[in-house]
Amino acid sequence: MLRTKVRIHTCKVILITSLVWVLIDVILLTFYSDCIGPGCNSNGNNNFVTNNLNNDGIDNALRRRSIDNEIKNEESNGHHKDSDDRFSNREQSKVVISANKSKRLRSWKPAPPVTPHKKLPGELGEGVHVKNDELAKEKFKLNQFNIIASDAIALNRSLKDVRYEMCKHKRYPTKLPSTSIVIVFHNEAWSTLLRTVWSVINRSPRELLEEVILVDDASERDHLGKELDDYVATLPVPVKVLRTPKRSGLIRARLLGAKHVEGSVITFLDAHCECAEGWLEPLLARIALNRKTVVCPIIDVISDETFEYITASDMTWGGFNWKLNFRWYRVPQREMARRKNDRTAPLRTPTMAGGLFSIDKDFFYELGAYDEGMDIWGGENLEMSFRVWQCGGILEIIPCSHVGHVFRDKSPYTFPGGVSKIVLHNAARVAEVWMDEWRDFYYAMNPGAGNVDVGDLTERKELRKRLQCKSFRWYLENIYPESQMPLDYYYLGEIKNAETENCLDTLGHKSGEKLGMNYCHGLGGNQVFAYTKRAQIMSDDNCLDAARNDGPVMLIRCHGMKGNQEWHYDTETQEITHEATKQCLQKPSPSDTSIPLLRNCDGSLGQKWTMQRNFRWQASTSQSNFQWQAS
């Protein structure tokens, strides 16, 4: 009897203990697995969904090539690792563990395509042609685009899927961070603003779209007041409208919007955009892989006349000239080779246009957000581009993400203090804080900037020091060796003829036009030339070039391959010799005093040239690993 009771008691203990362990196992499986049950694939490789908008299902049996070597590179080399948008099993688990740890990642499925309304104008991104009468011309001036054409198009119009076919089949993690969309506007037209919002709502996975934040920068038009508030209250996603008490400009208005962001990622858009199919997932996937990656879509063109959606080239990246104007340049072969000629792979760009990009919210603030010392608009895109690269981030254009933008010939808005003053002020802050000695190029091209009050730079210089940011030389050597700013140069300034005492002058000519001469005005700009270590004589992105004996001497886009663009200056004879023809640069003929000549060298005074500054080896004391220190 006693033995029987003991055996029953022992069995109870064993049974209860077994149940406890089963419960613990279930809890652990639930915590570390994306799903449990018959719907999950047995191989456990279930962390990808297809990015084909014709298929809303989740494919849990996909296998991807491992990129463990890339992870090792990231761990050993820091943030500047080569990577594409393929995710290995190890990376998947990193994302999943991060989600469980921070609760910031969400499961999602692609947004369904927008169904075309065939009878409505502008569907599938087609242009709308309206009568170009006086009324249309007057209304055009209000926004600097054809508002009549815009108003004729549905707010939720359909667009063609403009992505590469390979992009449509790319796979991204099943869990991605959420994003808040921040859109700043000032006196924006109703149809363009709301079409921007609807394109975000219709073409973003609902699970990843935390909210839309509209920041009204002191608009004066009635429809942007209560009417807008009432309308957005009816939208199927949370939309906040914030308002500045007075005109603050894009930079400070974006900072206001960012303060109210609840998503893990901030996505900035302009107020006259249209997001294309599958635009969001590729951006968020890159940030999920590396939160220090700042990503931009391909910026397509929406016609300011007809609102036709026009696909832009994926073979350009962002650069800048000596005036610190943003420019699009052709992607060099070096970057194509790094991407293994895969035009769907992320493109590392030296700079971004700045209007449309996504950034991890925490990284945005760690990196210093925006420079609050800048006014209104202009230069903030270059400032952030330099800061991202020099301070530990990566800046990419994602070819599988497309957003259309209405590009206008000129701004319809006024700027307090005038456009020129604001642009010079902002660009000077960029040059002083981030460009080290290469700021000389900016001041040489814009001598008026030297008289502009740049404000207090202490905080931004301390930020650069605190983040241990790299030098601008490092940026030019490693990120943008194709830059039009020469890495090493002997001289920067005007080049004066010893006989005529006139100076070489581009006369504002573009690439493919002749070099000129004019009286030396000492104001920089078109009379600023650099003589570089590569034996180029260059002004901004054009170099002196001669294709044959006796010229003419042309301004041609610098190619860095010497040949027709190789020149040598002799400090003793003061002659500038063209290496290919062995001829000398000479003063103009009496019949045309504005065009310098290329003639056989004869030692005459008309072939002697002076450079006003003392020759100096600009970067002789700089080291590629030089660590900048704030003064």
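The legends below accompany close-up views of a predicted model.

**Figure 1. Overview of the predicted protein.** The secondary structure of the protein comprises 17 helices and 30 strands, and buried residues account for 54% of its 631 residues. Of the contacts with a separation of 6 or more, 73% are made by residues 24 or more positions apart. The protein exposes about 28500 Å², of which carbon and sulfur atoms supply 52%.

**Figure 2. The open sheet of strands E26 to E29.** Four strands form this open sheet in the order E26-E27-E28-E29, with antiparallel pairing. Strand E26 (567-569) and strand E29 (597-599) are the edge strands, each of which pairs on one side only. On average, and with direction ignored, neighbouring strands of the sheet are turned by 35° against each other. Strand E28 (residues 583-586) is joined to E29 by three bridges, the two running antiparallel, and cysteine 584 stands opposite arginine 599 in E29.

**Figure 3. The disulfide of cysteine 167 and cysteine 400.** The structure holds five disulfides, and in the one formed by cysteine 167 and cysteine 400 the sulfur atoms are 2.0 Å apart. This link is left-handed, with -75° about the S-S bond. Because cysteine 167 lies in helix H6 (residues 165-168) and cysteine 400 in strand E16 (residues 394-406), the pair ties together parts that are 233 residues apart in sequence. Both cysteine 167 and cysteine 400 are buried.

**Figure 4. The disulfide of cysteine 503 and cysteine 520.** The sulfur atoms of cysteine 503 and cysteine 520 are 2.0 Å apart in this disulfide, and the link is right-handed, with 105° about the S-S bond. Cysteine 503 belongs to strand E19 (residues 502-505), whereas cysteine 520 is found in the loop between strand E21 (516-519) and strand E22 (529-532), so the pair ties together parts that are 17 residues apart in sequence. Cysteine 503 is buried, at a relative accessible area of 0%, while cysteine 520, at 23%, is partly exposed.

**Figure 5. The disulfide of cysteine 543 and cysteine 558.** Cysteine 543 is joined to cysteine 558 by a disulfide with an S to S distance of 2.1 Å, and the link is right-handed, with 105° about the S-S bond. Since cysteine 543 lies in strand E24 (residues 542-545) and cysteine 558 in the loop between strand E25 (554-557) and E26, the pair ties together parts that are 15 residues apart in sequence. Both cysteine 543 and cysteine 558 are buried.

Note on methods
Residues numbered from 1 in each chain as written. Predicted model: local features only at pLDDT ≥ 70, side-chain atom pairs only at ≥ 80, totals over all residues. Heavy atoms only, no water. Buried < 20%, exposed > 50% of the residue type's maximum accessible area, 1.4 Å probe, protein only. Contact = heavy atoms within 4.5 Å. Areas by Shrake-Rupley, 256 points an atom, 1.4 Å probe, with all protein chains shown as cover. Pairing = 2+ DSSP bridges. Axes fitted to C-alpha atoms, helices over the stretch in contact; angles between N-to-C directions. Disulfide = S-S within 2.5 Å.
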